[in-house]
Amino acid sequence: MRLFHHPLQSEHAPERELHNGDWVPFAECPERFAQILAACGGAEVASDHGAGPILSVHDAGYVRFLEQAHGEWVAAGRKGDAIGYTFPVVRRRPLEFDRIDAKLGAWSMDASTPIASGTWNAAYWSAQGALSALDAVAAGERRAFALCRPPGHHAGADYMGGYCYLNNAAIAARAAGDRGMGRVAILDVDYHHGNGTQDIFYASPDVFFASIHADPVTDYPFYWGHADERGEGEGEGSTLNLPLPRGTDWTAYAQALDAALGAIGEWGADMLVLSFGADTFAGDPISSFALQTDDFARMGERIAQAGLPTVIVMEGGYAVDDLGTNVATFLDGISR
Ligand code: Q9C
Ligand code: ZN
C-alpha cells in the first residue's frame, strides 16, 4: 500500500498539555510519527496541492490565524507554546481581535491544542498527505494511507481542538466529492468521537459520517458523539454515532463495526475515508478500550470486506512503543 508523509510533520513538537489539572508532556509527540514510519517503511513524500482544498473546508480567517499564531505569540514576548485561556462559549462571532490570547480562545474548543513553532507547517503537510493518498486512490489504488500528524478529526471549520488543527479526513472527503468520485462516507474508528468531522458535515446530505468511540458521557470530547446526534436539515440521517462503554473489547467492538459498515453500505457509498486511530488499544495511556494488537488485523479485514476504495488517514494512538506495530498490523489486515 502506498504511504504518504512529509518530514516537516516532525517539527510540530509542543512541550506540554493540560491533563486533568496537571501540565504533562504532550501526548501527540513526534516519536509517534517516527514509530509508525519505522514499522511501516517505504513512505513517499506528500505532494503539494496548495491551500485550495484546505479552504474548501476551513474558514479563511481561521487558516490565517493558524499560520500566524506562533509568530504573534513570540512577538507578544511569550515563550513556549501558544495556548488560550478565555473561550467564547456564548455568541461567538467574527470580531476583529488584537490580542493573540483573544484569537487563541476564539478559534479553539479546548486547551489540548497548543501551537508551537512547527505547528502550521506540520498541519499543512499532514493535510497534503491526505490529499496525496486521495490522488493514489483516484488513480486506481484500492487504498492508500496518509501518515497524518497532527491528526484532524477534532478540528472544525473554524476551530482547533484535541491535538487537531486541520481536519485531514474532511479535506480528503470534500476533495473527493469535488473530483466527482461519487458518494463519500467517512468512518471514524479513533477512540474519541470525531466531533470536528461530524460538525463539518452535520447538515450535509453528501457525506455520510459514522463514528465508533468511547461514550462521551465518560470521555473527551464530552459534548458530542451521543447516539441521538443524527445530522440536521438535509443532513438528517447522514450522521451515525455508536458510543461504547469503557472496557470495550473486540467482541463488542466488532458488532458496532458491522453496524457502521452496514449503514455505510445501505447509504450507497462509492468510497470511504477512514479516520484510523490506534488509541482503542488496551495499552493506550489516555484511553480505556481493550483491543489487542491482533484485533487491529481483524478490524482491517472487516473494513476491507466493505469493498470500497479507501483513503486511510491517521488520527490518534498514544501507546508509543506499540504504535508502529498496531498501525502496521491494521494495514496488513486491511490489505488481505
Ligand atoms: N484529560 C485524538 O486522539 N485530551 N485526540 C484530553 C485528557 C484530548 C485526543 C485531556 C484528547 C484528544 C486525535
Ligand atoms: Zn483519539
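In which loop is the place of F222?

Reply: F222 sits in the loop between β7 and β8. A word on the model comes before the details. This is a predicted model, in which local features need pLDDT of at least 70, side-chain atom pairs count only at pLDDT 80 or more, and totals for chains, interfaces and linings use all residues. Residues are numbered from 1 along each chain as its sequence is written, while chains are lettered from A and ligands numbered from 1 in the order in which they are written. Helices (H or I, at least four residues) and strands (E, at least two) are DSSP runs, numbered from the N terminus. The chain averages a pLDDT of 98, and 100% of the residues score at least 70. That score is the predictor's confidence in each residue, from 0 to 100. For the complex, the predictor gives an ipTM of 0.97 and a pTM of 0.98.

Now back to F222. Its phi is positive, about 60°, although F222 is not a glycine. Most residues other than glycine have a negative phi, and most peptide bonds are trans. F222 has 14 C-beta neighbours inside 10 Å, so it counts as partly exposed.

The peptide bond from Y220 to P221 is cis, with omega near 10°.

Another cis bond joins R149 and P150, with omega about 0°. P150 belongs to the loop between β5 and α6. Helix α6 covers residues 168–178, and nine of its 11 residues are buried, so the rest of the structure largely encloses it. The buried ones are N168, A169, A170, I171, A172, A173, R174, A175 and A176. G180 follows α6 and has a positive phi, near 70°.

R91 has 5 other C-beta atoms within 10 Å, so it is exposed. F97 is found in the loop between α3 and α4 as well. With 15 other C-beta atoms within 10 Å, F97 is partly exposed. Beyond its neighbours within four places in sequence, F97 is in contact with A102, K103 and A106. Contact means that the C-beta atoms of two residues, placed from the backbone, lie within 7 Å. F97 and N168 are 71 residues apart in sequence and 27 Å apart in space, C-alpha to C-alpha.

Next comes Y318, in the loop between β10 (310–314) and α10. Y318 counts as buried because it has 21 C-beta neighbours inside 10 Å. It touches A27, D279, D284, P285 and I286, leaving out residues up to four places away in sequence.

Helix α10 (residues 320–334) has 15 residues. From its first C-alpha to its last it reaches 22 Å, close to the 21 Å expected at 1.5 Å a residue. The expected span is 1.5 Å times one less than the number of residues. Among the buried residues of α10 are L323, V327, F330 and I334. Their cover includes α1 (30–40), β5 (143–146), β9 (271–276) and α9 (293–304).

W250 lies in helix α8 (residues 250–267). It has 18 other C-beta atoms within 10 Å, so it is partly exposed. Its contacts, apart from neighbours within four places in sequence, are L291, D295 and R298.

Ligand 1 has 16 residues around it, and the closest are H19, S112, P151, G162 and G316. A residue is near a molecule or strand if its C-beta atom, placed from the backbone, lies within 6 Å of it. The shell divides into five nonpolar, eight polar and three charged residues. Here Ala, Val, Leu, Ile, Met, Phe, Trp, Tyr, Cys and Pro count as nonpolar, Asp, Glu, Lys and Arg as charged, and the others, Gly among them, as polar.

Notes: A residue is buried if 20 or more other C-beta atoms lie within 10 Å of its own, exposed if 12 or fewer, and partly exposed in between; C-beta atoms are placed from the backbone.
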